[in-house]
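Please open the structure in your viewer and keep the sequence panel beside it. The stops below say what to select and what to look for there.

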Amino acid sequence: ELCQGARARIISVCSQGASLVWCEERPRLGAHSDTSKCPFRFCICTRALEVGEQSVHLGAVRIVLHNSPEYQLLASPQHIFLVPASTSFATISKFLLIWHPEEAKLTVTAPPAGFIHSKVLRSSNESDFRKLLLGFVGLLSTVAPLDIHTSALSNHGGLLLVSTHGTVNMVEPDGTQRHIFDLEGGPLTQGDLVRLKTFGNALACVLAGVLYLIDQNSGRLIEKKILSMKKVHFLESPGEEDSIQLLTQTGIYSFSFSVPEDSSRPEPCLVEMVFEEACRYYQRRSLSSSKLTVEKLKKGGVFQAPVALAAILQHSLRQKEKPARGLQDTYAKLLNTMSLELQSYLSLELLKTCVVGAPESEVESYCEELVEQEVSRVLHSDIDKDNLAYLNSVFTSFPKAAWKATRGCLQLQQNGDGHLVARATPEVWKKVLGGPQQEEVGLNGVIPLFELICTSFLRFKPKWLPSFVELTQQYVSISWAYSSKEGPEGRVPLYKRALGVLARKNKRSEADDEMELELLLCSKRPKAVLQAMHLLIRLKRWQRVVEVAEKFSKLSPLLNKEIFTTLLAEFAQHRELDPYLDRLWPLCPPELTASDILTVILQHLPVSQKDPVPFSSEEGQLTVGLLKPLLQRVVQRPCIQDEMYSDALQSPTFPPPTPPREH
């Protein structure tokens, strides 16, 4: 009764709310001989289902998708998954479809490739499968076909997929995929039967007479049981999440299991993680070439730290009232010392649980708090390549929350004078500046922590970036010797690293030129200051040129001479600096003579096309009158050699008396 056409045939059907949704085959006229040549002969339809007291009424037929390939339909409470049939063409079986009836939205997803595309189907014209596919057919040509052996629905609304290699994945209604577990055994064939069923947070799976009980959230194997029969069927057991009813050829059996109720309780995998982390830690510091394993750590008795930590985790987190019961005295003392760390771990796990179960309106605030705790945790641990890659992913996924977390960890704020101050501890500063550098992390897109923070400054508070670079330089000068190879300044100067972040911006603006100037000047390095001077001269910002010259000429006599020579060469070429000569001439270094000044002037005079004449009518030509105040200033200045011998020349008796001779 569902189909309207006489030749239509039902392929797959499911119920979703008060509607029936099905996939039907509609053979083309004249296509009796070979149906494999027309794969788009199927149609996805839906009809409302009204159940009365004595009869059932079907509503009007509505087409969801026409000209479609064959799909198997699986309905969750709010979504319908369309899984391609095994007989579909390879091009079509590269993606799944997810139909959202309330929003009239269709999501196309290729989970292995991370491709997700959603579209609202407003008219019948948009419901054509072939037209829907044209938008991304080029992208899908590079994607491998889906490896699906068995599919089933979970009680949380996700789609469970088992591959031919025994990998169990969960596809969420938004199109994302999550790995859950890998079943034992070789590749699955078409005849191998896999049964899937979820009970609460537990996933039950039967393969080749073996029952696997898996925690859906963590992927941990709860229990593995060998059954005496291979063919079983799961029965519905409403309200019983800790028992499974199995239908077999000999009867109905009930199997009970227990899942840890307290999510904060340490699981075996957490203890294993302690030993795995200890293996990596000791292996990096070991001079031996032999491989260190978890079994060696547990049996060897050489390294006591992972054994102590595992014992504390096993005994303390289960009992909040009496955490030290059953522990050795030394472990109990250690537990008292690290109680705050354990409390921080518990709160972090609780926060992660809140993020998973929170409504969309509260997810952002939870994520900000979670990112803040994670950034703080990493900054207080060893920043190796793995931790740095993790921080990169955090800053990329949650840029605003990571920026707030960075400000909190470094305690960045403006004082009453408007200057940026930071009250971070020396340990945090060393993590920011002394982590893996660009040449160590490689070219895989991971950037050092200092560059990550500079990127956040450029995005959310660009005016603070020069002040931040200046703060880091002050800390470097205190913590490391100048040009020390261990310190960050011994490799690439911090201002150059910040300039590298600025250069990676896609679009260049006037504000970026100003930022480049500020970064060069805040370094106070002679080469950087001269580079900023040339940039200002190129931009013809003469007022700022003179201000920078006045400020930085006081740093060193050598820099003073370079700045004055540069400005004197500009003075010889044009008349833009004439209004500032009364501020420029006092910057003349004391060792510069009149002949030195005239040499610089003559070297940089513009080449004239005409023959020189005594009295030129051309404006903008350098005259002796403009240069006279500087020359007078230099000539009237006392000679340096005179000052050196002034004490000898002003002695009261000249020549000095002859010293007494000794016979």
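Is Y212 buried or exposed? Select Y212 to begin: its relative accessibility is 3%, so Y212 counts as buried, where buried means under 20% relative accessible area, exposed means over 50%, and partly exposed lies in between, with a 1.4 Å probe and protein chains only. Before going further, note that this is a predicted model, in which local features need pLDDT of at least 70 and side-chain atom pairs count only at pLDDT 80 or more, while totals for chains, interfaces and linings use all residues. Residues are numbered from 1 along each chain as its sequence is written, and side-chain values use heavy atoms, with hydrogens and water left out.

**Aromatic pairs**

A search of the whole structure finds 9 aromatic pairs; rings of Phe, Tyr and Trp (for Trp, its six-membered ring) pair if their centres lie within 6.5 Å, and planes under 30 degrees apart count as stacked, over 60 as edge-to-face and the rest as tilted.

Next, select F450 and F468, whose ring centres are 5.9 Å apart and whose planes meet at 20 degrees, so the pair is stacked. Because F450 lies in helix 13 (residues 449-460) and F468 in helix 14 (residues 465-479), the pair ties together parts that are 18 residues apart in sequence. F450 is buried at a relative accessible area of 0%, and F468 is buried at 0%.

**Helix 8 and its cover**

Move to helix 8 (residues 360-379), whose 20 residues should span 28 Å at 1.5 Å a residue, the expected span being 1.5 Å times one less than the number of residues. The end C-alpha atoms of helix 8 are 29 Å apart, which agrees. Its buried residues are C367, L370, V371, E374, V375, V378 and L379, and what covers them includes helix 7 (339-357), helix 9 (385-397), helix 10 (399-410), helix 11 (426-434) and helix 13.

In helix 10, select T406, which is buried with a relative accessible area of 4%. T406 touches F395 and I453, not counting residues up to four places away in sequence, where contact means heavy atoms within 4.5 Å.

**Q413 and the cysteines**

Q413, in strand 22 (residues 412-414), counts as partly exposed at 38% relative accessibility. Leaving aside residues up to four places away in sequence, Q413 touches H419, L420, V421 and R423.

For the last stop, select C45 and C43. A search of the whole structure finds 0 disulfides, a disulfide being a pair of cysteine sulfur atoms within 2.5 Å. The closest cysteine sulfur to that of C45 is in C43, at 3.6 Å, which is too far for a bond. C45 counts as buried at 0% relative accessibility.

Key
Helices (H or I, at least four residues) and strands (E, at least two) are DSSP runs, numbered from the N terminus.
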